[in-house]
Amino acid sequence: IVHHMMMMTTMMMRVLSVCLATIAFLSTFTIIVRDNHVLALDNGLARTPQMGFNTWNHFGCHINESIIRQTADAIVATGLAQAGYVYVNLDDCWQTARDATGRIIADPAAFPSGLAALA
């Protein structure tokens, strides 16, 4: 687990570097200043980009409840949560099928507590 967390930390730091470079690049295009005023809503939204971890980038389809909990714990333990990384995105392979109403069903073998338990 320690080796796994160290690998995740290294990968997250690489992701952080790419994100910061992207933010610096995009910020030159997204802020509009007119007459020394920034044209933006002061509603608290989008003060930073959505920051988090996408499971697909490291785990692909090899995810389960335990891995997601460990990932979230690693984000907190490494200080990334305090830096604003607050999302763990389950990109793919968490579902098995759809029910009769069309709702996606989480894989009960991989996520025995259900997805709500991870929220």
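Where does Cys 93 lie? Cys 93 sits in the loop between S4 and strand S5 (95–98), where helices (H or I, at least four residues) and strands (E, at least two) are DSSP runs, numbered from the N terminus.

A word on the source: this is a predicted model, in which local features need pLDDT of at least 70, side-chain atom pairs count only at pLDDT 80 or more, and totals for chains, interfaces and linings use all residues. Residues are numbered from 1 along each chain as its sequence is written, and side-chain values use heavy atoms, with hydrogens and water left out.

Cys 93 has a phi near 70 degrees, a positive value in a residue other than glycine. Glu 65, in turn, belongs to helix H3. Here is how these two residues compare with the cut-offs for burial (buried is under 20% relative accessible area, exposed over 50%, partly exposed in between; 1.4 Å probe, protein chains only).

| Residue | Relative accessibility | Class |
|---|---|---|
| Cys 93 | 19% | buried |
| Glu 65 | 11% | buried |

Leaving aside neighbours within four places in sequence, Glu 65 is in contact with Ala 110, Phe 111, Pro 112, Ser 113, Gly 114 and Leu 118 (contact means heavy atoms within 4.5 Å).

Now to the lining of the second largest pocket. Helix H3 (65–77) and strand S4 (87–89) each supply at least two residues of this lining, and H3 gives the most, with six residues.
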